[in-house]
Amino acid sequence: MFLRVPGMVGTTMGIAMIITTTLALADVTLPDEVVVENLRIEKSLSGSPGDAAQGRKTFADRSLGNCLACHLNSDLSDELFHGNVGPSLDGVATRWKPEQLRTIVVNAKKVFTERTIMPGFYSLDVGEDVREDLIGKTILTAQQVEDVVAYLNTLE
Ligand code: HEC
């Protein structure tokens with residue numbers, strides 16, 4: 001007979017979650033482990049391929065990628081505001097290889113200059129005077145970066 005001990009369900013779920021998280025993180029490259037060679041990051045950060053449809057959403061999401069704040073992208077012409085601080089991303093897949101696009105999204109400073117205003121979306125090098133609760137965090141997760149990169153690869 002199964003005895004219903006208060007708190008047991010929570011504990012079991014907690015343990016299950018720890019196990020799942022550990023498994024999911026097994027192949028993830030942490031921000032301080034990222035290797036950039038010749039402007040390229042060869043390996044998927046999450047260990048899995050990106051999902052371009054999901055990446056399109058992350059790209060447009062104002063609280064995630066918010067890429068439209070700075071970039072024009074005709075593929076998202078249904079979205080109202082497109083900034084022009086950065087170059088248009090139309091045809092960007094013809095200008096950069098997937099491994100280079102990954103580097104640009106992870107840490108644009110590695111491809112452009114230290115002074116680029118494009119944020120590093122998977123970098124802990126976020127400058128000075130950062131809000132304390134944001135220290136040690138990246139703007140996007142490893143999988144979100146892979147999704148955005150998969151999406152950028154469709155912009156031909
Ligand atoms: C605050 C503004 C800003 C935001 C937000 C931003 N970028 Fe950029 N991005 C730039 C600038 C500026 C450049 C050009 C490099 C430079 O001059 O520093 C650039 C360059 C690029 C390039 C190279 C384009 C080319 O044709 O050479 C890609 C790709 C890119 N950004 C993707 C993204 C993606 C994807 C996002 C969202 C996850 C994003 N950017 C968010 C400012 C921004």
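This is a predicted model: local features need pLDDT of at least 70, side-chain atom pairs count only at pLDDT 80 or more; totals for chains, interfaces and linings use all residues.
The ligand sits in the largest pocket, and the iron atom of the ligand has an octahedral site. His71 and Met118 are the protein donors of that iron atom.

**The iron site**
- On the protein side, NE2 of His71 and SD of Met118 lie 2.0 to 2.2 Å from the iron atom of the ligand.
- The iron atom has six donor atoms, and the angles among them run from 85 to 178°.
- This pair of residues links distant parts of the chain, since His71 and Met118 are 47 residues apart.
- His71 belongs to the loop between α2 (52–60) and α3, while Met118 belongs to the loop between α4 and α5.

- Arg95 places a polar side-chain atom 2.9 Å from an oxygen atom of the ligand.
- Trp96 likewise has a polar side-chain atom, 2.8 Å from an oxygen atom of the ligand.
- Two or more residues of the shell around the ligand come from each of α3 (92–95), α4 (98–106) and α5 (142–152).

**The shell around the ligand**
- There are 23 residues around the ligand, and those that come nearest are Cys67, Cys70, His71, Thr116 and Met118.
- By residue type, the shell holds 17 nonpolar residues, five polar ones and one charged one.

Notes:
Residues are numbered from 1 along each chain as its sequence is written. Side-chain values use heavy atoms; hydrogens and water are left out. A residue is near a molecule or strand if one of its heavy atoms lies within 4 Å of it. A polar contact is a pair of N or O atoms within 3.5 Å; within protein, one must be able to donate a hydrogen and the other to accept it, and residues adjacent in sequence count only if both atoms are side-chain atoms. On a 1 Å grid over the protein atoms alone, a cavity is a set of points where a 1.4 Å probe fits but cannot get out, and a pocket is an open set with protein on both sides within 12 Å along at least five of seven lines; lining residues have an atom within 4 Å of a point. A molecule sits in a cavity or pocket if more than half of its atoms lie within 2 Å of its grid points. Helices (H or I, at least four residues) and strands (E, at least two) are DSSP runs, numbered from the N terminus. Ala, Val, Leu, Ile, Met, Phe, Trp, Tyr, Cys and Pro count as nonpolar, Asp, Glu, Lys and Arg as charged, and the others, Gly among them, as polar. Donors are N, O and S atoms within 2.8 Å of the metal (3.2 Å for Na, K and Ca); water is not among the atoms, so sites may look incomplete. Four donors count as tetrahedral if all angles lie between 85 and 135 degrees; four count as square planar and six as octahedral if opposite donors are over 155 degrees apart and all others between 65 and 115; anything else is irregular.
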